Structures are given as C-alpha cells and as structure tokens.
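Please consult the sequence and the structure alongside the text.

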Amino acid sequence: MKREKSNEPYFNTVLSSEENDNENFDKNFSSLTLQEKPKLKKPPLYKVIMLNDDYTPMEFVVEMLQTYFSKSQEQATEIMLHIHQKGLGICGLYTFEIAESKAAQVLDKARKNQHPLQIKLEKE
Ligand code: TYC
C-alpha cells in the first residue's frame, strides 16, 4: 500500500483517562490521531544523459539505447536524433548503482569499438 501521498493517519493512539472497562469503552477513552513521517524514503534517481559527438556512428547509439535502456527501435532512433540535434539527451532514470552500471557497460562497449561517446549522470 502506498502511504506517502495519502492523507490518512499512519497510526492511531488511544488515550485512557480511567481504567479500561470493556462495557464503558466509549465513555472512558478519547481518541487522538497522530501523524508521523513514513520511515522508508524512496532512493534518489539519476538521469543517464548521453552527449553528442562527431564520430560515434548513429547505428551504434541506437543499438546501445535498445540493449541497455530497453528502448524500441523507434524510441531509440528518436532519442539518438534528439541527442544528435540538441547536443544531449536522456536515456533513462535509475537509482545510482543501476545508472552507473548502465553507463559503464555502454562506455566499455564504445571504447572497445573506439568510439568517443560520453555519458554523464545527473541527480533528479
Ligand atoms: N553525431 C553522431 C553522428 O553524426 C551521432 C551521435 C548521436 C553520436 C548521439 C553520439 O550520443 C550520440 N554520427
């Protein structure tokens, strides 16, 4: 159950003014609602940003976007052309370790093929 956006209380506390007596529960107890922040925070997300250059082949970029960022051929082509025209583009949004791992895999493949492709991570 998602709680962060809900206005519902996280817990209810019942305060007693007298001894508990099952028959007189309503009379003897008053109800107080307390709100607490959720204990679990969502991890920060990082944008994997690919930069344009003059040498990396378009087909290679499209292949990287399909292989490591789960894009369709059409989505990958659109993102690649955006990077080519605007200078940079977002490949995806991930937790730090995943973003770092995807960037490392793409850069490793690029260097093995002698392409100067560059990637940067940016906190959301
Ligand atoms: N500009 C490159 C070319 O004309 C293509 C390219 C696109 C390179 C995106 C890098 O991140 C990139 N071959």
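## Buried face of helix H2

In H2, the buried residues (under 20% relative accessible area, with a 1.4 Å probe and protein chains only) are Phe60, Val61, Val62, Met64, Leu65, Tyr68 and Phe69. An α-helix has 3.6 residues a turn, so residues three or four places apart point the same way. The buried residues of H2 pack against strand S3 (46-51), helix H3 (73-86), strand S4 (88-94) and helix H4 (96-112); contact here means heavy atoms within 4.5 Å. Helices (H or I, at least four residues) and strands (E, at least two) are DSSP runs numbered from the N terminus.

Just after H2, Ser70 adopts a positive phi of about 50 degrees.

## Basis of the model

The model is predicted: local features need pLDDT of at least 70 and side-chain atom pairs count only at pLDDT 80 or more, while totals for chains, interfaces and linings use all residues. Residues are numbered from 1 along each chain as its sequence is written, and side-chain values use heavy atoms, leaving out hydrogens and water.

## Ligand site

Residues surrounding the ligand (a heavy atom within 4 Å) include Met58 and Val61, as well as Met80, Ile83, His84 and Leu117. A backbone N or O atom of Leu51 lies 2.7 Å from a ligand oxygen atom. A polar side-chain atom of Asn52 is 2.8 Å from a ligand nitrogen atom, and a backbone N or O atom of Asp53 is 2.7 Å from a ligand nitrogen atom. Taken alone, the ligand exposes 350 Å², of which the protein buries 89% (Shrake-Rupley method, 1.4 Å probe).

## Lys71 in the loop

Lys71 is found in the loop between H2 and H3. Beyond four places in sequence, Lys71 touches Leu65, Gln66, Ala76, Ile79 and Cys91. A polar side-chain atom of Lys71 lies 3.5 Å from the backbone oxygen of Cys91.

## Confidence

The protein chain has a mean pLDDT (the predictor's confidence in each residue, from 0 to 100) of 82, and 73% of its residues reach 70 or more. Confidence is lowest in strand S1 (residues 11-16), with a mean of 35, and highest in S3, at 99. Over residues 1-29, pLDDT stays under 50.

Conventions:
Buried < 20%, exposed > 50% of the residue type's maximum accessible area, 1.4 Å probe, protein only. Polar contact = N/O pair within 3.5 Å; in protein donor to acceptor, adjacent residues only side chain to side chain.
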